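Student: Could you take me through a close look at one helix of this model and the partner it packs against, after a brief word on the chain as a whole? I would like the geometry and the residues involved set out in one connected account.

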Amino acid sequence: MPTSQQIQAEIQARFGFVPPFFAPAQQHPQVLENLWQQTVSAYLDNPLPALFKEKLAAYLARYCATPYCLVCHSCTLSLLGMKAQEVLALLQSPGPTATDIQQFLEVLAGEMDALTDWPAPGSLLETSLLACSIFIFLERQETERCRGELHRLLGPLNYQHLITFIAYLKTCHLWVEAHPEVAYEADPRARNHLNALVQSESRLGNFFANYGERVRQEQQSKAELQAELTAHKQAEESLRQTHNELESRVRERTQELALLNEQLRAEIAERQRVQLSLQQREEHFRSLVHNIPGVIFRCAYDLAWTMEYVSDGIEELTGYPAADFIGNRERSFASIDHPEDLAMIAQVVQQGLDERQPWMLEYRIIRANGSVRWVYEKGQGIFNQDGSVCWIDGAVFDITERKQAEEEQRRQQELLQTIFEKIPVMVALFDERGRVKMTNPACETTLGWPAEEIQCRDLMVELYPNSQYRQSVLDCIRSAEGKWEDFRTRTRDGRILDTSWANVLLSDGTSIGIGQDITERKQAEAKLQQLYQRVQLLNTELEQQVQERTAQLQQSLEFEATLKRVTDKVRDGLDEGQILQTAVRELALALAVSCCNTALYDLDLATSTVYHEYALSGLPSAQGQVLQIVDFMEIYSQLLQGQCLQFCGIVAGSSRLHAAILACPIFDDQGILGDLWLFKPLNAVFTELEIRLIQQVANQCAIAIRQARLYQASQAQVAALEEINHLKDDFLSTVSHELRTPLSNMKMAIHMLRMFVSEERCERYLKILHDECARETELINDLLDLQRLEVGADCVHLETLQLQDWLPKIIEPFLLRVKDRQQTLDVELSADLPPLISNAAALERVLAELLNNACKYTASGGEIALKVGHIPERQAIIFVIHNQAEISATELTRIFEKFYRIPGADPWGQKGTGLGLALIQKLVERLGGEIGVESQAGQTTFTVELPQQGWV
């Protein structure tokens, strides 16, 4: 378990101070931990809106006997943006009554769906949530209903957070009441904000001052409520006793009523006998009416035709019950008449009444479902002695089916007439002797005989002049078997047509003949007969082609299965070797080739290396063979362009075998990666299907290889990022130390200056302050300079430097250092050094950093050398710095990285930030030069080459 100090440190970190609320538990770590964990989970980490939590906490603090919670939560409300007047209005608002809570519950019930967003502060919905939460806290009568609505509206999770927060508030009240020494005056929230809150609203001061009296009133109100509940329970008990007495009286009264019931039973039996007789007569009448098909009605003679009686059949006819029409309660019968028939109905009925004659009419009605029905009505007027109409009686029958049949018959006649006139075949009507009585227009058009001439001559004689042939035609017409028969028919202009006729016998002995001109069909049949032989030959050829195509399709399916198998194996592969080995083996087995191998290209070296091979036993292996691309340019020139090629060649080895070879490149949109070579016997060729399969496998290999290389590159990047992160942490640690050390020295010097006032000591400590301040400034400047160089924000000013005069001033500070460390510094300046146009400050910094590192990493007794020379052919000045210290090859590649320091290489214990070499590398590049380093045989050499004429 953590100690009290550790827990207080956590509280300090969350609040920024330790509230007095936790003071009573400081001597008891277990209690303090429990109280703190409740505060974190139920209050601080509770996801309910902070303003809602503080409003609820401040209001419920009115029921706490001590003012600590009230004052602190009121101050927090001020911090959350509530004005002092709003805080006072909240605290002074009366507690919700049972009537109020009913209204608030109705507001919550009006929200059909669970809340996705918390309601706006001050809204009616938020006020309702606060009121229901207060009722749950006070455990009033409607508590359970409040719980149910809040659970539905907030959802299970937010509801649990709310209940946890209410329980936590009760715990807080009990805690501060048990420890009255917890005073809000000691809480920073009250100390910092209470005065401003009270000054903004003076009535808040009175409210807090009278807090004790208000608490007493609230507690008294709570006691009165409890007394009211007790009285309510007593009233319920009294009601229970009264209920029992009433039940006793009811039993007595029931016995009295039982005697009266016996007297009434005899009277009721007599009335039932009379009623039964009336019902039997009515049922007899209804049976008669029900068995009449249709509807029987009686209506008044008025403008609305008010219905006096209508039989139950009206519902089957109209879809409306009879009760709707009696007295025109819901509708009149006229209201369902079709609007187009109303005038006709009124005219016919009025005429019948005027003539005192029954009337019959047919009209349409509109049923309840919107459909239209046809009805037949027969009615008559019933007249008084004075001749006036008393009422109208009548019957209505449904004739919709008859109307539909008549309409269908009319449509059939129109259809038959249309077919007869428009059908593009010949139609003729024959009498029982076979004479033509009528023809359609198509028949007239085909044969050339108009209808008016057919009536006055025997058309069969004209159509078939040969009597014997005509008789066979007549026999066919009389048989009327409905079969098609072909005849040679003569037209009016003498032409002979091939016709085909079929005849149907009618019930009256006549027959209908249907014929068509088949002259063209007969001619086509003759041509088809000629083509039949050609079709037979073509069919034989087609069967041969189908067999060949089937074999190709079967091979295609096998190749697709091979491609899928290769794709499935290489798609998720991350090993290039496994990918290529799988592709080579599957291709060799699927295509049954003698050999299959794959090679990867190194375009920089212009080489092709065979990495994997699958060959039949006995053939020489080429695996591991490295080919120079330039030696076979006639082949590789096409492969490098992404083209397949097929040729005959020699397989080199212990013996030389002739073979047919297919070379396919492995490439994608990023470039070529390698190739696939497949070998067959010399007389064989690779088909289009085989080439397509090989290309598809090569494409899958390219994708898989790119994926594998991408994965390897990503793994390398992850490792590099981890290393950079480690360097950053090391850098931050070093920079933190380097920044703090001068500050600590300056702080100590200031402290010593306060303690000692002698002039000598003052000078000494002032010098420390000056040196450490300069050291701090230099470190910060390094960081800022590096940042500016990386973004290119600095402006370099060029000037002319006479190196013979300028360099000694730069080297002079290092002479004393090498002397102190028993090192030697040799400086060699070329005699023909020309003036250098560059930036003096940047060049000084570069040389100073390199000399500083040389001194730093050279052990005592070691040698350091600086050589400056001129390279006329490149118009450049070269600076070479040697020192006796060797850097390993692995470390040498990283010394220009930011934050990087060679571990354990500093014999003098001088720490650095790892920015020096990175900074001077940027400076050299900014000056248009180059910097390089070599290290071997115990010597490290830095070379800086700058353009003589300067460059920015």
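Tutor: Of the 952 residues of the protein chain in this predicted model, 37% count as buried. The chain holds 27 helices and 23 strands, and among its contacts with a separation of 6 or more, those between residues 24 or more positions apart account for 59%.

The part to look at closely is helix H7, which covers residues 124-138. H7 has 15 residues and spans 21 Å from its first C-alpha to its last, which is close to the 21 Å expected at 1.5 Å a residue. H7 is also mostly covered, since 13 of its 15 residues are buried. Just after the helix, Glu139 takes a positive phi of about 60°.

The partner of H7 is helix H8, residues 143-178, and the axes of the two helices come within 9 Å and cross at roughly 55°. The crossing of H7 and H8 is right-handed. On the H7 side, the contact is made by Leu125, Leu129, Cys132, Ser133, Phe135, Ile136 and Phe137. H8 contributes Thr143, Cys146, Arg147, Leu150, Leu153, Leu154, Leu162, Ile163, Ile166, Leu169, Lys170 and His173 to this contact. Taken by class, the residues of the contact divide into 14 nonpolar, three polar and two charged.

For a view elsewhere in the chain, turn to helix H20, residues 576-591, where Glu586 has its place. Glu586 counts as buried because its relative accessibility is 5%, and the cut-off for that class is under 20%. Leaving aside neighbours within four places in sequence, Glu586 is in contact with Thr562, Arg565, Val566 and Lys569. Arg585 also lies in H20, but Arg585 is partly exposed, with a relative accessible area of 41%, a value that sits between the 20% limit for buried and the 50% limit for exposed. Val566, one of the residues in contact with Glu586, is 19 residues from Arg585 in sequence, and the C-alpha atoms of Arg585 and Val566 are 9.6 Å apart in space.

Conventions
Residues numbered from 1 in each chain as written. Predicted model: local features only at pLDDT ≥ 70, side-chain atom pairs only at ≥ 80, totals over all residues. Heavy atoms only, no water. Axes fitted to C-alpha atoms, helices over the stretch in contact; angles between N-to-C directions. Helix = DSSP H or I, 4+ residues; strand = E, 2+ residues; numbered from the N terminus. Left-handed = near helix turned anticlockwise from the far one by under 90°. Contact = heavy atoms within 4.5 Å. Nonpolar A, V, L, I, M, F, W, Y, C, P; charged D, E, K, R; others polar. Expected span 1.5 Å × (residues − 1). Buried < 20%, exposed > 50% of the residue type's maximum accessible area, 1.4 Å probe, protein only.
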